Amino acid sequence: MSSLSKAFTSSIGRKFVMGLTGLFLISFLLIHVSINALIFLNDSGETFNVAADFMGHNIVIRIMEVGLFAGIILHIVQAIMLTAQNNAARPEKYAYNKASANSKWYSRSMGLLGTLILMFLVLHLYHFWWPTKVAVYTHQEHNTFQNIVMIFQELWVVVVYVLGVISLGYHLLHGFQSSFQTMGWNHKKWTPVVKTVGVWFSIIVPIIFALMPISIYLGWIG
Amino acid sequence: MSTGNMNLTLQVWRQKNKNSAGKLVDYKLSEISPDMSFLEMFDVLNEQLITKGEEPVVFDHDCREGICGMCSMFINGQPHGPKDLVTTCQLHMRSFKDGDTIVVEPWRAKAFPVIKDLAVDRSAFDRIIASGGFVSVNTGNAQDANALPIPKIQADAAFEAAACIGCGACVATCKNASAMLFVSAKVSQLALLPQGQPERYRRVQSMVAQMDEEGFGNCTNTGACEAECPKGISLENIARMNRDYFTAKFISEEEV
């Protein structure tokens, strides 16, 4: 094995990939939430559809989309590998472990939260990504906004989406600052800033996402 | 010796050797003094067991003043018990209440196999140190104190990292049984000082490789290690180790 591939399969190397892909996915969330927030203009999706159309057809964006999927898959694959190693590192569990005394539950539940997000993501892609792709490749007109309004008429869908973004929020609450720490970006002056920004990001972004299905279901937007 | 007024129930992990299965065994103790250390309370228990002709509980200890890193014990779900910044030997029975049930287990990690009862084999830490946790210099005579100027902030950070006593509480409490707090402290105490520079990037690679080989888990930044460390070793050390590791692997051209 070459020196570089050894670096990527070491404990810290795998963590590096987790942190880097995590930060990349965070940057994606920022774009995703910004564009989707255009529905709050309440102009029957006119502005939003222009943006959605651009995102669906622009060649640069579509190449980046491949990178996005690669990032998600890499993040998941590394998580599975790391979790398998972590489980093997403690074959016999404690009879009594008072973990709440020294760490937050969500920092210890990143695998569970990630799995919930993945399950949500499958449904989410089926709802919105797949119809857009079909429309692009069959050269059909696709009104993304109308699709959103249609899908969020069902209460169970709204509930699943809200639960999905709550999982995302807790995942981010640990993941945002954790990725900086893993990358080695720990600094007396900057780490408190990163932590504060991370907390606000993890609260605000999921709330904006959650407001989308809620407002449509309640008829505030349509 | 037992002149106090505390009555306790201990649930102690008893395991014959590395290969046998262990289990928690209940022991009743009475008239325990609140001024006893946790280990002295175990001495009382062992005296009683010996008098009854039973096997005493094996546990690690040496200096009993919180500086050697020998004592361990996972007490009521926390390494070194409920108090912050103390080792088991410096934990006193006044931290518990009369009538308490106290669960005592060994450190649990694949890399720390149980030798007997509460004693675990921590030689994995020794092998990590041997892989690079040193400076290869002929020291000669002691230099003048100011011959090598080191900024105060740097010296303090190195000293704080060097406070690690290698007890393994970080591994014990980590949900992944990761040794990164220990290894990062040992990497940092040398990486921060001028004497550690020539081998800085070789050292971090060797020590991390040895850490992985020993079968410790991976850090997920829960911060449990920092919260439980009896010497207050900071997570900043892990970030420093990661930085040095990336520099070594991705920038340095030296193969290790």
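The model is predicted. Chain A has nine helices and zero strands, whereas the secondary structure of chain B comes to eight helices and seven strands. Between the chains, the contact takes 35 residues from chain A and 40 residues from chain B.

**Packing of helix 2 and helix 8 in chain A**

- By class, the residues of the contact of helix 2 of chain A with helix 8 of chain A are five nonpolar, five polar and one charged.

**Contact between chain A and chain B**

- From chain A come 35 residues of the contact, and from chain B come 40 residues.
- Five elements of chain A give two or more residues each to the side that touches chain B: helix 1 (3–9), helix 2 (11–36), helix 4 (59–88), helix 5 (105–108) and helix 8 (155–182).
- Helix 2 of chain A supplies the largest share of that side, with five residues.
- The side of chain A that touches chain B comprises 15 nonpolar, 14 polar and six charged residues.

**Ser10(A)**

- Ser10(A) is placed in the loop between helix 1 and helix 2 of chain A.
- With 19 other C-beta atoms within 10 Å, Ser10(A) is partly exposed, because a residue counts as buried at 20 or more.
- Apart from its neighbours within four places in sequence, Ser10(A) is in contact with Val208(B), Ala209(B) and Asp212(B).

**Chain A as a whole**

- Along the sequence, chain A reads as α-α-α-α-α-α-α-α-α.
- The C-alpha trace of chain A spans about 55 × 40 × 40 Å along its principal axes.
- Chain A has 222 residues, of which 29% count as buried.
- Among contacts in chain A between residues at least 6 apart in sequence, those joining residues at least 24 apart make up 79%.

**Chain B as a whole**

- The C-alpha trace of chain B spans about 65 × 40 × 35 Å along its principal axes.
- Chain B has 256 residues, of which 46% count as buried.
- Of the contacts in chain B with a separation of 6 or more, 72% are between residues 24 or more positions apart.

**Domains of chain B**

- The domain assignment of chain B gives domain 1 as 6–105 and domain 2 as 122–251.
- A distance of 30 Å separates the C-alpha centres of domain 1 of chain B and domain 2 of chain B.
- Domain 1 of chain B puts twelve residues into the contact between the domains, and domain 2 of chain B puts in ten residues.
- The side of domain 1 of chain B that touches domain 2 of chain B has six nonpolar and six polar residues, with no charged residues.

Methods:
Residues numbered from 1 in each chain as written. Chains lettered and ligands numbered in written order. Predicted model: local features only at pLDDT ≥ 70, side-chain atom pairs only at ≥ 80, totals over all residues. Contact = placed C-beta atoms within 7 Å. Helix = DSSP H or I, 4+ residues; strand = E, 2+ residues; numbered from the N terminus. Nonpolar A, V, L, I, M, F, W, Y, C, P; charged D, E, K, R; others polar. Domains from an automatic or database assignment. Buried ≥ 20, exposed ≤ 12 C-beta atoms within 10 Å, placed from the backbone.
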